[in-house]
Amino acid sequence: MIGISSGLALSGKNVYCYSIIPFLTMRAYEQIRVDVAYHNLNVKIVAVGGGYAYASLGPSHHATEELGMLRTIPNLIVSAPGDPLEAKAVTTILAKEKGPAYIRLGKAGEPVVHKSIGDLKTGEAICLIKGESTAILTTGAMLKYAYDFIRENNLNYGLYSFPFIKPIDEKALIKISTGYKNVITLEEHQRSAGFGSAVLE
């Protein structure tokens, strides 16, 4: 599928390919790297089942490593929208981008967290709650969990969503790290190489 997508992109098509995350990213890693990214082709890789969305199907269906794997690949934009509004905004943005991109989705029926999203740009973070002292930074489906936790416990925490892991919003990170005493990252990923690692870098 990735090979065919690459060929279609080379013939001038705007290509989207879709499957379950572990199968699309881990089994086809070399093709994503060599066929798509090294040639900077206009292929959008849309994958479903971020983190533990397919929890009951076991480790073969869990997706807790691919963000780290994919963000090391040159030219590839890596995104993990936090709710349906972010997914729509990211998809709209990436449809206009000429080059490879990865979109990590949940499973289906994810709740809406944002009331609205303005003019989002590639690599831009979104502030949902300003708060004081402590900021929680999320990517992907952890946004809803963090939002509910802050509200239910009446915490005066800041909440920021990062629908793009690569490129990451460096300006926002500098502002957050200088404006808050504590910074917490939340993601459905292994500790190594994912969103938290990108923030530390």
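The legends below describe close-up views of a predicted model.

**View 1. Salt bridge between Glu 66 and Arg 104.** Glu 66 pairs with Arg 104 in a salt bridge whose closest N and O atoms are 2.6 Å apart. Glu 66 belongs to helix H4 (residues 66–70) and Arg 104 to strand E4 (residues 101–105), so the pair ties together parts that are 38 residues apart in sequence. Both residues, Glu 66 and Arg 104, are buried. For Glu 66 the relative accessible area is 0%, which is under the 20% limit for a buried residue.

View 2. Glu 66 is found in helix H4. With neighbours within four places in sequence left aside, Glu 66 is in contact with Ile 21, Thr 25, Met 26, Tyr 102, Arg 104 and His 189. Arg 104 in this list is also the salt-bridge partner of Glu 66. Tyr 102 is one of the residues with the most contacts inside the largest nonpolar core. As a reference distance, the C-alpha atoms of Glu 66 and Gly 3 are 19 Å apart in space, and the two residues are 63 apart in sequence.

**View 3. Salt bridge between Arg 71 and Glu 201.** In this view the side chains of Arg 71 and Glu 201 form a salt bridge, at 2.8 Å from N to O. The pair links distant parts of the chain, 130 residues apart: Arg 71 sits in the loop between H4 and strand E3 (77–79), and Glu 201 in the segment after helix H8 (195–200). Arg 71 counts as buried, at 15% relative accessibility, whereas Glu 201 is exposed, with a relative accessible area of 71%.

**View 4. Salt bridge between Lys 144 and Asp 148 within helix H6.** A salt bridge joins the side chains of Asp 148 and Lys 144, with an N to O distance of 3.2 Å. The two residues are four apart in helix H6 (residues 142–152), so about one helical turn separates Asp 148 and Lys 144. Asp 148 is partly exposed, with a relative accessible area of 23%. Lys 144 is partly exposed as well, with a relative accessible area of 29%. The count of salt bridges in the model comes to four.

**View 5. Packing of helix H1 with helix H3.** The axes of helix H1 (residues 2–10) and helix H3 (residues 29–37) come within 9 Å and cross at roughly 10°. The two helices, H1 and H3, are therefore roughly parallel to each other. On the H1 side the contact is made by Ile 2, Gly 3 and Ser 6, and on the H3 side by Gln 31, Ile 32, Asp 35 and Val 36. By type, the residues of the contact of H1 with H3 are three nonpolar, three polar and one charged.

**View 6. Nonpolar cores and the contacts of Phe 162.** The largest nonpolar core has 36 residues, and those with the most contacts inside it are Ile 2, Val 43, Ile 45, Tyr 102, Leu 137 and Phe 162. Leaving aside neighbours within four places in sequence, Phe 162 is in contact with Ala 80, Ala 125, Leu 137, Thr 138, Thr 139, Ile 168, Asp 169, Leu 173, Ile 176 and Phe 195. Another core, of 11 residues, lies apart from the largest one; among its members are Ile 77, Leu 94, Ile 103 and Ile 126.

**View 7. Backbone at Pro 167.** The peptide bond from Lys 166 to Pro 167 is cis, with omega near -5°. Pro 167 is found in the loop between strand E8 (164–166) and helix H7 (170–179).

View 8. Ser 133 is not a glycine, yet its phi is positive, near 70°. Ser 133 lies in the loop between strand E5 (126–129) and strand E6 (134–138) and counts as partly exposed, at 38% relative accessibility. Asn 154, also not a glycine, has a positive phi of about 50°. Asn 154 is placed in the loop between H6 and strand E7 (158–161) and is exposed, with a relative accessible area of 71%.

**View 9. Lys 115 in the loop between E4 and E5.** Lys 115 has its place in the loop between E4 and E5. Lys 115 is exposed, with a relative accessible area of 82%. The C-alpha atoms of Lys 115 and Leu 85 are separated by 8.6 Å, and the two residues are 30 apart along the chain.

Methods. Residues numbered from 1 in each chain as written. Predicted model: local features only at pLDDT ≥ 70, side-chain atom pairs only at ≥ 80, totals over all residues. Heavy atoms only, no water. Buried < 20%, exposed > 50% of the residue type's maximum accessible area, 1.4 Å probe, protein only. Axes fitted to C-alpha atoms, helices over the stretch in contact; angles between N-to-C directions. Parallel < 35°, antiparallel > 145°, perpendicular 65-115°, else oblique. Contact = heavy atoms within 4.5 Å. Nonpolar A, V, L, I, M, F, W, Y, C, P; charged D, E, K, R; others polar. Core = buried A, V, L, I, M, F, W, Y, C linked by side-chain atoms within 4.5 Å.
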